[in-house]
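Trainee: I would like to learn how to read a strand and its surroundings in a model. Could we go through one together?
Mentor: Gladly; let us look at the structure before we discuss anything.

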Amino acid sequence: MTQTQLGLLPDLPQWRALAEHAAEVRDRTLRELFDAEAGRAEAMTVDADGIVVDYSKNRLTADTIRLLVELARGRDLGGQIEAMFRGEKINTTEHRAVLHVALRAAADDVIEVDGVDVVPEVHAVLAKMAGFADRVRSGAWTGFTGERIRTVVNIGIGGSDLGPAMAYEALRDYSDRALDVRFVSNVDGTDIWEATNDLDPAKTLFIVSSKTFTTIETLTNAHTARDWLLAGLREPQAIARHFVAVSTNAEKVADFGIDPENMFGFWDWVGGRYSFDSAIGLSLMVAIGPEGFTEMLAGFRAMDRHFRTAPFERNLPVLLGLIGLWYDDFFGAETVAVLPYAQYLARFSAYLQQLDMESNGKSVDRSGRPVQVQTGPIVWGQPGTNGQHAFYQLIHQGTKLIPCDVLGMLAPNHDVGRHHDLLMANFFAQTEALAFGKTASEVAAEGVEPELVPHRTFAGNHPTTTILAPKLTPYVLGQLVALYEHKVFTQGAIWDINSFDQWGVELGKVLANRIVPELESEAEPELNHDGSTNALIRRYRAQRRGGAAG
């Protein structure tokens, strides 16, 4: 597929029609919309393989969805979806295919890159991962002294950390509780110190995840971990029993002391933030076992199939993407809150921050032209009910429009007393309160003093999308992650931006590499930064060396 230059969004007739429509519906309240449409909730609820999305509490109508779908068709969203699944090089700035969908393809699927079916390679790596995970879990893999592995420490950063860390927390209920799994990502020495301080080197396994095995943060942490291990075990040969790698650079892996036989590969057509269902998820597979990992991949695959085949009007990722775009570009909303009413999803919002903001935080389109509309939202949130006692006040009575995705499970992982009923009562109550609020007359009717009425009035009309799943299982986690992956794809396709590069991450890394020797040099270096940065470097050097800042 040759990338063709798409028209600018504001020039499209579908965009102009949406702008006119937005002016008509912007001031309509959710109270009015529900009063006018008796069957609104049923009409605006979609169930796909057990995942239920109710978008009726959004400030839109059936005409809004029709016009948004017309926009998606006008941008050839269907063609762009097919191009991704066919392995075409839709990451145009890096000339790569975008094939995270191949990571969970069935063994008999065929997905080609440059004429080569990549599915057998994917399943070969999964089989190698499974064999290793089984050996660690069973105790067949031992450390250098013959001790059984009791702690696995995953060392990575970005997608090599956020994905497996989120998924491990989400699926802790399915993990082997005899194994402690930890994650190190920050180059702040406190992170690796805290991860290792109370461990026994003889019982600890490190998984170092770096595609090139040159990522400075990851390799710095890995070298510190190696020094820690050798200080305890005192034999260089121990490294091969206590370190494995997820990488493509066998030479550097071997130089580190890791047996290349214990290197698990992946491919340049997998972006880091889309990769925890590849070998990047090795720590997760060790935790939950190959069967649990396979179940998770099946959930991914089911949502992939739905995204590829369902009509846009009933397509969960497409609907989420279109609704998000509606608020981003026609209401000026700058953030979206993702609020899971599930403690095991405590890190889900943090994971989505990278998935969404690194993907669609772009200001030029795929042809290099400045975008003409607002692109990726700021993603944030934390689990309910904690958030209710933190930031919900601003959503309810503040001055900002904050669309919310509210996620909940119909069945709990732990049926403890009345906890789940209370949790879900809060879940349903918050979407109701946000949508409909409480009028001044309703407040006054309760006998509230007149001067307090304004303070206790809730405007309502705050949009929410409700997402319900049967129970948080590996399968459901796969569905939910794929749902958001494809939501991000939908928005990027319509905005005509490349959702699969991340050049904005690189500049800071380049400058950091330049500054490191300036901080570490014994001699006073010549500094050629701006005045502020030069002064900060001098102050830091003086503090570290016990002198006065110049």
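Predicted model: local features only at pLDDT ≥ 70, side-chain atom pairs only at ≥ 80, totals over all residues.

Trainee: In which sense do β10 and β11 pair, and over how many bridges?
Mentor: Strand β11 covers residues 378-380, and β10 pairs with β11 in the parallel sense over 3 bridges.

Trainee: Which strand is joined to β10 by 5 bridges?
Mentor: That is strand β12 (residues 404-409), and β10 and β12 run parallel. Within this pairing, Leu339 stands opposite Val406 in β12.

Trainee: How should I read the two faces of a strand, and are those of β10 covered or open?
Mentor: The general idea is that in a regular strand the side chains alternate between the two faces of the sheet. In this case both faces of β10 are covered, with Thr335, Ala337, Leu339 and Tyr341 buried on one side, and Val336, Val338 and Pro340 buried on the other.

Trainee: Why can β10 be called largely enclosed by the rest of the structure?
Mentor: A residue is taken as buried when its relative accessible area is under 20%. Because 7 of the 7 residues of β10 (residues 335-341) are buried, the strand is largely enclosed by the rest of the structure.

Trainee: How many cavities of 30 Å³ or more are there, and how much space lies in the largest cavity?
Mentor: A cavity is a space where a probe fits but cannot get out. The count here comes to 5 cavities of 30 Å³ or more, and about 160 Å³ of space lies in the largest cavity. Of the 18 residues lining the largest cavity, Ile323, Gly324, Tyr327, Val336 and Pro403 are the closest to its centre.

Trainee: Which elements each supply at least two residues of that lining?
Mentor: They are α13 (316-330), β10, β12, β13 (464-469) and α18 (474-495), with the largest share, 5 residues, coming from α13.

Trainee: What of the second largest cavity?
Mentor: About 90 Å³ of space lies in the second largest cavity, and of the 13 residues that line it, the closest to its centre are Leu8, Leu9, Val371, Gln372 and Trp495. The lining of the second largest cavity divides into 7 nonpolar, 2 polar and 4 charged residues.

Definitions and conventions: Residues numbered from 1 in each chain as written. Heavy atoms only, no water. Buried < 20%, exposed > 50% of the residue type's maximum accessible area, 1.4 Å probe, protein only. Helix = DSSP H or I, 4+ residues; strand = E, 2+ residues; numbered from the N terminus. Pairing = 2+ DSSP bridges. 1 Å grid on protein atoms, 1.4 Å probe; cavity = no way out; pocket = protein on both sides within 12 Å on 5 of 7 lines; lining within 4 Å. Points joined across faces, edges and corners; volume = space filled by probe spheres on them. Nonpolar A, V, L, I, M, F, W, Y, C, P; charged D, E, K, R; others polar.
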